[in-house]
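Subject: Structure handover

Hi,

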Amino acid sequence: MKERFPSLIALFLLLVLVSSSWWAADYAQRAIKVDPPRRITHEMDAWSRNFVMLRTDPTGKPINRLEGAYAEHFPDDDSYHITAPRAVGQRETNPVTVAVSKTAVMEQGGKRIVMDGDAHVLRQPDANNDMLDVRSQQLIILPDEDVVYTDLPAVVLKGRSRMTGKGMHYNNKTRQLQVSASTDVEIAGSEGKQQRRTEIPANNTDKKKP
């Protein structure tokens with residue numbers, strides 16, 4: 001019996017230690033308030049004034065630039081709401097394109113920019129292309145695809161030609177411009193107006209490519 005007594009004491013102390021640890025852990029869990037999961041709502045978490053954002057190609061050369069007077073970031077959809085935006089496409093292989101509007105929303109990590117309110121896109125002329133001027137109340141820019149489009153009424157000036165209609169799609173890579181839905185077309189050098197769907201491919205010889 002005497003030989004077992006130290007073992008019993010050790011077992012008793014072990015049980016006391018285990019019980020004490022369990023009680024302490026339970027008490028700490030009940031005593032410390034755990035914050036509930038954060039509610040994801042459309043609330044601003046960051047802002048900036050007079051900012052400039054740059055996107056680069058794999059070699060580090062800037063290809064897109066976005067600047068504005070004020071921007072707010074919303075974490076629920078990772079969007080930026082921008083006041084007085086100015087977006088510039090400056091790829092080496094394409095003419096420089098500048099877009100401005102009253103406000104804009106940049107979505108999908110910069111893959112989509114919605115320009116709202118007096119939206120205006122101007123593509124600079126170069127040795128092979130006339131100036132292209134597009135105006136609408138909303139223009140959507142896809143920087144990675146180098147595309148500008150809208151489903152709203154738009155006015156397009158290409159050189160001395162003028163086109164108006166509901167719906168416009170311009171690809172700066174292929175230089176292809178489409179204006180559709182009751183389009184009013186005034187081609188420089190022609191008489192009168194034409195009512196038709198207009199598609200101006202890059203290799204069209206009768207209508208100068210933009």
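Below is what was found, from the whole chain down to single residues.

Please note that this is a predicted model.

**Overall**

The protein chain has 210 residues, and 34% of them are buried. It contains 1 helix and 14 strands. Take the contacts between residues at least 6 apart in sequence: 37% of these join residues at least 24 apart. The accessible surface comes to about 13500 Å². Carbon and sulfur atoms account for 55% of that surface.

**The largest pocket**

The largest pocket has a volume of about 330 Å³. It is lined by 28 residues, and those closest to its centre are Asn64, Ala87, Gly89, Ile141 and Pro143. Several strands give two or more residues to the lining: β1 (46–56), β2 (62–74), β4 (86–89), β5 (97–100), β7 (112–123), β8 (132–142) and β9 (147–158). Which of them gives the largest share? That is β8, with 4 residues. By residue class, the lining divides into 18 nonpolar, 6 polar and 4 charged.

**Asn64**

Asn64 is one of the residues closest to the pocket centre, and its place is in strand β2. Is Asn64 buried or exposed? Its relative accessible area is 12%. The cut-off for buried is under 20%, so Asn64 counts as buried. Leave aside its neighbours within four places in sequence. Asn64 is then in contact with Met53, Leu54 and Arg55, with Val88, Gly89, Gln90 and Arg91, and with Pro143. Of these contacts, Gly89 and Pro143 are also among the residues closest to the pocket centre.

**Pairing around β2**

Strand β2 has several partners to look at.

- β1: β1 and β2 run antiparallel and are joined by 10 bridges. Trp47 stands opposite Glu72 in β2. Met53, which is in contact with Asn64, has Leu66 in β2 as its bridge partner.
- β3: 5 bridges join β2 to β3, again antiparallel. Tyr70 has Thr83 in β3 as its bridge partner.
- β4: β2 and β4 are antiparallel too, with 4 bridges. Glu67 is bridged to Arg86 in β4.

When you check side-chain directions here, keep one rule in mind. In a regular strand, side chains alternate between the two faces of the sheet.

**Turns and positive phi**

- Asp78 sits in the loop between β2 and β3 (79–83). The two strands form a hairpin with 4 residues between them, and Asp78 is in the turn. With a relative accessible area of 39%, Asp78 is partly exposed.
- Gln108: here too phi is positive, about 55 degrees, and the residue is not a glycine. Gln108 lies in the loop between β6 (103–107) and β7. Is Gln108 buried or exposed? Its relative accessibility is 52%, so Gln108 counts as exposed.

**In short**

The pocket has a volume of about 330 Å³, and β8 gives the largest share of its lining. Asn64 is buried and is one of the residues closest to the pocket centre.

Best wishes

Methods
Residues are numbered from 1 along each chain as its sequence is written. This is a predicted model: local features need pLDDT of at least 70, side-chain atom pairs count only at pLDDT 80 or more; totals for chains, interfaces and linings use all residues. Side-chain values use heavy atoms; hydrogens and water are left out. On a 1 Å grid over the protein atoms alone, a cavity is a set of points where a 1.4 Å probe fits but cannot get out, and a pocket is an open set with protein on both sides within 12 Å along at least five of seven lines; lining residues have an atom within 4 Å of a point. Grid points are joined across faces, edges and corners, and a volume is the space filled by probe spheres set on the points. Ala, Val, Leu, Ile, Met, Phe, Trp, Tyr, Cys and Pro count as nonpolar, Asp, Glu, Lys and Arg as charged, and the others, Gly among them, as polar. Buried means under 20% relative accessible area, exposed over 50%, partly exposed in between (1.4 Å probe, protein chains only). Contact means heavy atoms within 4.5 Å. Accessible areas come from the Shrake-Rupley method with a 1.4 Å probe; for residues, only the protein chains shown count as cover. Two strands pair if DSSP finds at least two bridges between them.
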